[in-house]
Amino acid sequence: MKFQGTHDYVATDDLRLAVNAAATLQRPLLIKGEPGTGKTMLAEEVAKSMGMPLLQWHIKSTTKAQQGLYEYDAVSRLRDSQLAGVDGAEKVREIRNYIVPGVLWRAFTADEPVVLLIDEIDKADIEFPNDLLREIDRMEFYVYETRELIQAKHRPLVFITSNNEKELPDAFLRRCFFHYIQFPDALTMQRIVETHFPGLKKQLLSAALKHFYDVRNLPGLKKKPSTSELLDWLKLLVAEDIAPEALHSQDQSVVIPPLLGALLKTEQDMALFEKLVSMQRQRR
């Protein structure tokens, strides 16, 4: 089965090729790109389009690789051993009662192939990717407490996202198929917007996209607005019934668009944009 995109997710040709190439090679698809370019949503939409269950592992700075495999709850076992009577002794003796399967364990032992999302892997410690090399490569791991080998019934379709906060080890990269999601051009962005706002007025969409890319291309921005922020802004424009004329003036002079706080998220960027508008007005 090939991924062709979905009604809710506009996938470019090269992104569709990347998804299908990773599936063919049976390797994880490592996705990079600016925040808000749909990296996480890609796994969700692939699972939906292929009719596969989705398992998600959202990585934090404190996440350890072992948590994705399993965790041994020694504290609960100790507590139960202190509180359990004769009836509870059997539970305490069986160590499997205190093994908590992680998301990789559940993906490996699922009765059908699943889509596995390891989201924002670069947030974790630098050793995190190395600690998963064997498991992701061989699709198996060993549970030392129970002395059993957990092997994948079906190889999951693995998506790994990164925001480039840390460099990933070469040995890890070698085991992945890589794709960088380029920020959408105006035509692709129009298609994305139309999937979320199918009845949006053409004049409003055209004016909003022009302002959006003008803001994004402003040199010196600390944080460029993303696709998700454009969608938020359009949602507000529609909710407030903002007319297209409010986004530009009759004499083509530069204006500060309404609800700009949906696009710019720092006071430095807001001040920079307002300064640019003021300078262009003075030149006229």
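Of the 284 residues in the chain, 44% are buried, meaning under 20% relative accessible area with a 1.4 Å probe and protein chains only. The model is predicted, so local features need pLDDT of at least 70 and side-chain atom pairs count only at pLDDT 80 or more, while totals for chains, interfaces and linings use all residues. Residues are numbered from 1 along each chain as its sequence is written, and side-chain values use heavy atoms, with hydrogens and water left out.

The chain holds 13 helices and nine strands; these are DSSP runs (helices H or I, at least four residues; strands E, at least two), numbered from the N terminus. Its radius of gyration is 25 Å, well over the 19 Å of the globule rule for 284 residues, so the chain is more spread out than a compact globule. That radius is taken over C-alpha atoms, and the rule is 2.2 Å times the number of residues to the power 0.38. Along its principal axes the C-alpha trace spans about 85 × 45 × 35 Å.

The largest nonpolar core has 32 residues, with Trp-57, Leu-116 and Phe-128 among those with the most contacts inside it. Such a core is a set of buried Ala, Val, Leu, Ile, Met, Phe, Trp, Tyr and Cys residues joined through side-chain atoms within 4.5 Å. Helix H6 (103-109) and strand E5 (115-119) are among the elements that each supply at least two residues of this core, and H6 gives the largest share, five residues. A second, separate core of 29 residues includes Tyr-213, Val-215, Leu-263 and Phe-273.

Conventions. Buried means under 20% relative accessible area, exposed over 50%, partly exposed in between (1.4 Å probe, protein chains only).
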